[in-house]
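Hello,

Here is the structure I said I would pass on. My notes follow below it.

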Amino acid sequence: MSLAKQDPAYKASKSLDVDGKCYFSYSDIHQTICSLVPRIKEFDPSVIIAIGGGGFIPARMLRTELKVPILAISLELYDDSTNTARPEVKKIQWFDENSDVGSKVRGEKVLIVDEVDDSRATLQFAVEEVIKCNEPAAVCVAVVHNKRKEKKGVLPPNVIYLAGEDVDDKWNCYPWDAAAYGNSIVEHEKLAKVCSGVAEGRD
Ligand code: G4P
Ligand code: MG
């Protein structure tokens with residue numbers, strides 16, 4: 001039996017985990033980010049800015065419904081070579097304003113998309129950089145998951161913040177990272193079913 005997304009039992013079921021980690025399927029991600037579409041349509045963005053790599057696939061899922069183009073940016077808080085947090089967020093990739101899509105930011109409404117709001121440090125940096133460098137008329141942030149925890153980052157006032165779902169402060173495993181956890185996508189999706197309580201493994 002599958003539970004409706006709005007059903008409190010469904011939301012509670014998401015607190016299940018496998019070895020302390022919560023696995024999410026492509027379908028989970030799709031449903032959760034697209035549950036924000038009505039509110040995003042009210043905001044009416046001209047363009048999506050996806051924060052890579054986690055924001056790319058949720059942004060693509062939204063694009064089909066919002067019918068606006070996607071720009072990509074990438075930032076790095078952790079230095080993968082040393083596995084430690086950098087003193088400041090590093091800008092790895094930005095968009096070119098002198099392009100057809102890049103020109104849709106200045107003076108327009110932009111939607112910034114990421115997969116998870118964890119410490120909020122990267123998100124704060126991304127939003128502040130877009131405002132400072134590209135001067136949009138308005139910013140809305142949409143994340144798939146917001147971790148219930150104390151945040152280090154603060155979003156500027158007037159930024160609209162939307163989270164598809166509030167989740168426990170556990171490590172979220174996303175389907176595009178399946179191989180990073182040693183799983184095929186089929187194995188990953190099975191673990192996601194366990195975490196959502198619709199497969200063997202739930203009491
Ligand atoms: P925040 O502003 O979005 O809260 O991000 P924060 O700086 O706290 O997080 C640093 C990196 O850690 C981000 O990825 C974020 O996506 C990732 N992260 C935080 N919590 C989780 C989690 O539970 N699961 C996974 N899979 N990632 C998490 P990044 O460095 O931008 O890398 P990526 O998006 O390219 O993977
Ligand atoms: Mg990320």
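**Notes on the model**

Just after helix α4, K67 takes a positive phi of about 55°. Helices here are DSSP runs of H or I with at least four residues, strands are runs of E with at least two, and both are numbered from the N terminus.

Some ground rules before the rest. This is a predicted model, in which local features need pLDDT of at least 70 and side-chain atom pairs count only at pLDDT 80 or more, while totals for chains, interfaces and linings use all residues. Residues are numbered from 1 along each chain as its sequence is written, chains are lettered from A and ligands numbered from 1 in the order in which they are written, and side-chain values use heavy atoms, with hydrogens and water left out.

**Helix α4**

Helix α4 spans residues 56–66. Its buried residues are P58, A59, M61, L62 and L66. Buried means under 20% relative accessible area, exposed means over 50%, and partly exposed lies in between (1.4 Å probe, protein chains only). These residues cover an arc of only 160° around the axis, which puts them on the same side of α4. The arc is that of the directions from the helix axis to the C-beta atoms. The buried residues of α4 pack against α2, α3 (37–43), β2 (47–52), β3, β5 (109–117) and β6. Contact means heavy atoms within 4.5 Å.

**The sheet**

Six strands make up an open sheet with mixed pairing, in the order β4-β3-β2-β5-β6-β7. Two strands pair if DSSP finds at least two bridges between them. At the edges are β4 (84–93) and β7 (160–167), each pairing on one side only. From one strand to the next, the twist averages 20°. Axes are lines fitted to C-alpha atoms, for helices over the stretch in contact, and angles run from 0 to 180 degrees between N-to-C directions.

Strand β3 (residues 70–79) pairs with β4 in the antiparallel sense, over five bridges. Within that pairing, D79 stands opposite T84. Helix α2 (residues 26–34) packs on the sheet. Helix α2 touches β6 (138–147) and β7, and its direction makes about 140° with that of β6.

Strands β5 and β6 run parallel and are joined by eight bridges. V110 has V139 in β6 as its bridge partner. Nine of the 10 residues of β6 are buried, so β6 is largely enclosed by the rest of the structure.

**Two residues to look at**

D114 lies in strand β5. D114 is buried yet has no salt bridge. The nearest side chain of opposite charge is R120, 10 Å away. Lys and Arg count as positive and Asp and Glu as negative; His and the chain ends are not counted. Leaving out residues up to four places away in sequence, D114 touches I51, G54, G55, L123, A142, V143 and V144.

I160 is in strand β7. I160 is partly exposed, at a relative accessible area of 38%. With the sequence neighbours up to four places away not counted, I160 touches F43, V139, C140 and V141. I160 and T32 are 128 residues apart in sequence and 18 Å apart in space, C-alpha to C-alpha.

**Salt bridges**

How many salt bridges does the structure hold? The count is 11. A salt bridge is a side-chain nitrogen of Lys or Arg within 4 Å of a carboxyl oxygen of Asp or Glu.

- R106 and E135 meet at 2.6 Å, N to O. R106 lies in the loop between β4 and β5 and E135 in the loop between α5 (121–134) and β6, so the pair ties together parts that are 29 residues apart in sequence. R106 is partly exposed at 39%, and E135 is partly exposed at 47%.
- K151 and D117 meet at 3.2 Å, N to O. K151 is in the loop between β6 and β7 and D117 in strand β5, 34 residues apart. D117 counts as buried, at 1% relative accessibility.
- K147 and D118 meet at 3.5 Å, N to O. K147 is in strand β6 and D118 in the loop between β5 and α5, 29 residues apart. K147 is buried at 5%, whereas D118 is partly exposed at 25%.

D118 and K147 also belong to a network of salt bridges with K149 and D169.

Best wishes
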